[in-house]
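Subject: Structure handover

Hello,

Here is the structure for your work. My notes on what was found follow below it.

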Amino acid sequence: MATSGPAAPQKLPLRIALPFSTPNIPISAMGLAVAVALPKFWAGHLLVPMATIGSVWGLVRVLDLPVDVILAMFMDHTRSRLGRYRFWLLLGAPLTMISLYALFMAPMRFSGIYLFIWLFVLALGNSIQSLAHQAWTATLAPQYDERSRLFGLINAVGVVGTLGAMVVFIAGPSFGLSNAGSVEACGWTIIAATPLCSLLAAMAAPEYVAPNLASRPKLRDYLEVLFKPDLLRLFLSQLCLSLGPTWMSSIYLYFFEQSRGFAEQQAWLLLGVYILAQIPGAGLSAWMAKRISKHRTLMVTATGFSLGLLSIFVLPKANMAFQVPFLAFSGVMAAGFGMMVQAMLADVGDEIRLTQGRQRMSLVYSVNTLAQKIAAAAAIFATFNLLPALGFKGEDGAVNTPAALHNLDLAFLLGPFIFVMLGGACVIGWRLTPERHHKIRTELEARDAVLEATPAFEAGLDHPLAPETSRIRA
């Protein structure tokens with residue numbers, strides 16, 4: 001399938017945008033299951049030591065850190081009949097599927113080596129699919145407000161996947177499944193959804209490849225991207241905004257069951273409220289971004305989330321009626337800051353293409369996925385090593401002292417509150433405003449129109465001319 005063609009439309013039709021968004025269904029379901037259910041399943045049911053889980057998880061993430069940048073360099077230079085990002089999206093599906101099978105259907109007391117191998121393969125498959133999908137999204141939605149809309153839709157569709165995973169955990173006992181059986185059933189569901197959603201997106205959406213100006217790749221160009229101040233700010237913001245919720249999710253079931261006094265199914269229902277609220281939250285955030293800009297929306301939602309989290313500790317324990325509205329509010333706020341970072345990264349990618357003359361969108365989003373990986377590693381490593389050191393026991397049926405439960409409360413509150421607030425603070429004074437981005441897009445579209453009329457573009461080649469000096473300075 002050819003990837004050269006006319007520029008992306010101002011607004012992507014819903015008949016294309018909706019199926020294109022579906023790869024986020026298994027990606028989001030996997031994110032919930034792996035972060036929330038699997039560590040507890042391994043430690044409680046399969047009797048793998050918590051310290052082993054935390055240490056191996058952290059080691060895999062550390063070794064996986066350079067992978068996204070390397071993948072991005074290959075992605076941005078890929079030319080194939082399937083396309084650029086479409087090719088990589090489909091390539092990542094088999095890796096994701098086989099690693100999910102190994103981790104969800106793992107044997108009792110499996111070794112740290114087993115966990116290391118399959119976590120690494122899962123991280124690789126997830127990186128390939130997430131990076132390809134995000135970069136492809138940025139090229140499908142070139143305009144400032146349209147990016148908020150499309151990333152909002154993708155995040156809302158992802159909520160469907162997260163809720164689907166939760167339904168398996170909640171409804172499993174009604175179908176005679178144990179908690180362990182529900183985890184395995186969730187794994188099979190995600191395995192089945194991964195290739196179906198990847199194929200649906202690949203068949204439904206076109207791919208618009210902007211013309212590159214021919215130049216020999218230089219290490220200096222890559223370093224200029226990776227150390228661009230705006231990109232570093234978004235990296236730090238995404239790191240903090242991911243670390244807070246991931247920290248919270250890693251000990252969520254422990255906290256709501258043992259500290260707040262809810263049964264496991266009730267805890268899953270409350271998490272469902274939090275996640276379901278992200279669907280209207282995505283729409284609200286897209287609406288806010290059109291009126292007050294993306295970076296201000298990010299700051300507002302990060303602050304709202306943190307304040308909503310504080311409310312948990314002033315509510316009566318084991319009371320669903322009091323807990324539901326506050327978790328719903330936190331969910332609405334949580335939808336905003338993640339999608340705003342994704343949309344802002346696309347704007348930075350446009351500025352880089354204007355100044356360098358080449359598409360670096362995969363490289364830009366590799367910085368985002370790198371931040372998410374560091375956050376995931378730090379959260380599991382910190383919580384699953386910190387809690388045992390503070391006297392908390394995570395085995396099924398273990399009885400914890402009041403002091404251990406107090407430490408659990410502090411861990412659940414302080415990590416997410418501090419990091420999410422820091423994430424919002426990272427974009428104070430953001431300079432890539434809607435007006436500035438409009439100027440960048442105007443220059444890009446004028447230059448692209450000239451290049452697309454050349455024989456080199458029709459032949460799928462880079463334009464042989466040297467890049468012109470941009471009027472928009474980085």
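Arg441 is buried, with a relative accessible area of 8%. The model is a predicted one. Arg441 and Asp350 meet through their side chains in a salt bridge, 3.2 Å from N to O. This pair links distant parts of the chain, 91 residues apart, with Arg441 in helix H18 (residues 434-452) and Asp350 in helix H15. Asp350 also counts as buried, at 3% relative accessibility. Salt bridges with shared partners join Arg441 and Asp350 with Arg147, Lys294, Asp347 and Glu445 in one network.

Lys294 is buried at a relative accessible area of 0%, and Asp347 is buried at 2%.

The structure holds 14 salt bridges. Another one of them joins Glu351 to Lys228, with the closest N and O atoms 3.1 Å apart. Glu351 is in helix H15 and Lys228 in the loop between helix H9 (219-226) and H10, so the pair ties together parts that are 123 residues apart in sequence. Both Glu351 and Lys228 are buried.

On the nonpolar side, the largest core has 138 residues, and Trp42, Phe256, Trp268 and Phe412 have the most contacts inside it. Helix H15 (residues 320-356) supplies the largest share of this core, 15 residues. Contacts of Phe256 include Ile312, Leu327 and Phe412.

Leu232 is partly exposed, at 35% relative accessible area.

Regards

Methods. Residues are numbered from 1 along each chain as its sequence is written. This is a predicted model: local features need pLDDT of at least 70, side-chain atom pairs count only at pLDDT 80 or more; totals for chains, interfaces and linings use all residues. Side-chain values use heavy atoms; hydrogens and water are left out. A nonpolar core is a set of buried Ala, Val, Leu, Ile, Met, Phe, Trp, Tyr and Cys residues joined through side-chain atoms within 4.5 Å. Buried means under 20% relative accessible area, exposed over 50%, partly exposed in between (1.4 Å probe, protein chains only). Helices (H or I, at least four residues) and strands (E, at least two) are DSSP runs, numbered from the N terminus. Contact means heavy atoms within 4.5 Å. A salt bridge is a side-chain nitrogen of Lys or Arg within 4 Å of a carboxyl oxygen of Asp or Glu. Lists of a residue's contacts leave out its neighbours within four places in sequence.
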